[in-house]
Amino acid sequence: MNPSLRRLSALLSLTLLLASVARAQRPQLEPAAGEKPWPKVGFVEVVNNTMISTLGYTYGESGDIITDMRGAGDGSGRIFLAERLGKVLILKDGKLLPDPFLDISPQTINQSERGLLSIEFPPNYKSKGHFYVYRTEPGTGDVLIERYKVDPKNPNHALADSAEIILRVEHRWQPNHDGGMLHFGPKDGMLYFGLGDGGSGYDPRLNAQNMGVLLGKMLRIDVEGKPDEGKAYHVPADNPFVKTPGAAPEIWAFGLRNPWRWSFDSANGDMYIGNVGQDLWEQIYYAPGNDKGGENYGWSLVEGSHALINHPQNTDQKPGPNPKITYPVAEFSHNIPPLFTSITGGYVYRGKEFPDWQGIYFFSDWGNGHGTEFGQIWAMRRNAEGVWETHQVDGNVSPLRKCHSFGIDDDGNLYVMSFADGKVFKLIELPDKK
């Protein structure tokens, strides 16, 4: 057979196979009989009528936004808000403290995916006095994982000159697909973070399947124990590719395009990854809390559970050491309703205020389809048969003008952030209309 025809035949076969997988995994949009109704989500603006940004920049592409919100787990009730341009603010009892917790501004922004992207506090933070940030380096664009110390005389003030680079990942070719989220594993205390494939489109450097680079991966390192010689961290001995020749030992999973926002379920350690798609599909990946890592999520061999047919040169690449692809538990088309643009992963709700939300994963989208900017709130759960269901839960009244991130406090309350106007909202349950 002509090599071109052989290649086309193989590609068509792969497309049909992946299409069948996609049909099998397509999420249901309505609850199964006998299950609880979906939440009815409303929004309460945080710091109402107050400009949250302390820098006074305009919001959006060239301005400042809140990229991450976290509680510190220290019993103080404080919520820490990371600004893209380099400050971390403290929200206490509904009010912003006048001075920032951390100020490493200004972070140079030449593309919306760069800047200070995440903040995370280690287990037992109150007794440790340090925390971690995920940011891009002005000038180079390299991804930096850094540790900062807190002023021992003032718990509301971090020492900007105490920065210690834990890990640097070179990211100098394109300004997008930087990843951007830090989380400590609720079971193992290891630090996990997801990195994008290096940017541009269709993974031109084929990084995501290349085990010799950290781009396009989920990483796992120990930053609280004794570091390895020559490093500022320890590589856990049970990482899945520690003994794989040519593989970076920090890799936990691979084959990701841009895991911009991802999280753990605090109750059981389940991992949910919102992976930003290319031209056609947005994806949510799931790994159970007892997972041992090693997943290949397929990029750029496939886009979600679909063949990557527009750029066949990528099908020539060899898959990483695990050729079995883990497909998304939910995926959303750019062209088939409900239209998605760019997925924004969120959190599983484990708060006490809304009992009916327990175990539900909330997520959003950059905008409700192409050409609009209002990001909807969606929910996902598994029914009694183990089938994943998804549903839009905001009643089409979402005030989010491009939803870019979620936040969580120590009580498990969930927050969402609006990119175009810089606003932050708490998610609440709307009462049933009588």
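Two strands pair if DSSP finds at least two bridges between them. I note that rule before anything else. Strands are DSSP runs of E with at least two residues, numbered from the N terminus.

**Ground rules**

I am reading a predicted model, where local features need pLDDT of at least 70, side-chain atom pairs count only at pLDDT 80 or more, and totals for chains, interfaces and linings use all residues. Residues are numbered from 1 along each chain as its sequence is written, and side-chain values use heavy atoms, with hydrogens and water left out.

**Entry 1: an open sheet**

I looked up strand 16 (residues 271–275). Five bridges join strand 16 to strand 17 (residues 281–287), and the two run antiparallel. Tyr-272 has Tyr-286 of strand 17 opposite.

Four strands form an open sheet, in the order 15-16-17-20, with antiparallel pairing. Strand 15 (261–264) and strand 20 (330–333) are at the edges with a single partner strand each, so one side of each has no neighbour in the sheet. From one strand to the next, the twist averages 10 degrees. Angles run from 0 to 180 degrees between N-to-C directions, with axes as lines fitted to C-alpha atoms.

**Entry 2: strand 3**

Is strand 3 (residues 79–83) enclosed or open? I checked burial (buried is under 20% relative accessible area, exposed over 50%, partly exposed in between, with a 1.4 Å probe and protein chains only). Five of the five residues are buried, so strand 3 is largely enclosed by the rest of the structure. Ile-79, Leu-81 and Glu-83 point one way, while Phe-80 and Ala-82 point the other way.

Next I looked for partners. Strand 2 (residues 66–71) pairs with strand 3 over five bridges, antiparallel. There, Met-69 has Leu-81 as its bridge partner. Strand 4 (residues 87–92) pairs with strand 3 over four bridges, also in the antiparallel sense. Ala-82 has Val-88 of strand 4 opposite. The hairpin of strand 3 and strand 4 has three residues between the strands, and Gly-86 takes a positive phi near 125 degrees.

**Entry 3: nonpolar cores**

I looked up the cores (sets of buried Ala, Val, Leu, Ile, Met, Phe, Trp, Tyr and Cys residues joined through side-chain atoms within 4.5 Å). The largest has 34 residues, and Met-271 and Phe-362 are among those with the most contacts inside it. Strand 25 (residues 403–408) gives the most to this core, with three residues. Another core lies apart from it and has 28 residues, including Leu-167 and Val-276.

**Entry 4: salt bridges**

I counted salt bridges (a side-chain nitrogen of Lys or Arg within 4 Å of a carboxyl oxygen of Asp or Glu). The count comes to 17.

Which residue does Glu-120 form a salt bridge with? The partner is Arg-70, with the closest N and O atoms 2.8 Å apart. Glu-120 is in strand 7 (residues 116–120) and Arg-70 in strand 2, so the pair ties together parts 50 residues apart in sequence. Glu-120 is buried at 9% relative accessibility. Arg-70 is buried too, at 3%.

I also checked Asp-142 and Arg-168. Their closest N and O atoms are 3.1 Å apart. Asp-142 is in the loop between strand 8 and strand 9, and Arg-168 is in strand 10 (residues 158–169). Asp-142 is buried at 0%, whereas Arg-168 is partly exposed at 38%. Salt bridges that share partners join Glu-137, Asp-142, Arg-168 and Arg-172 into one network.
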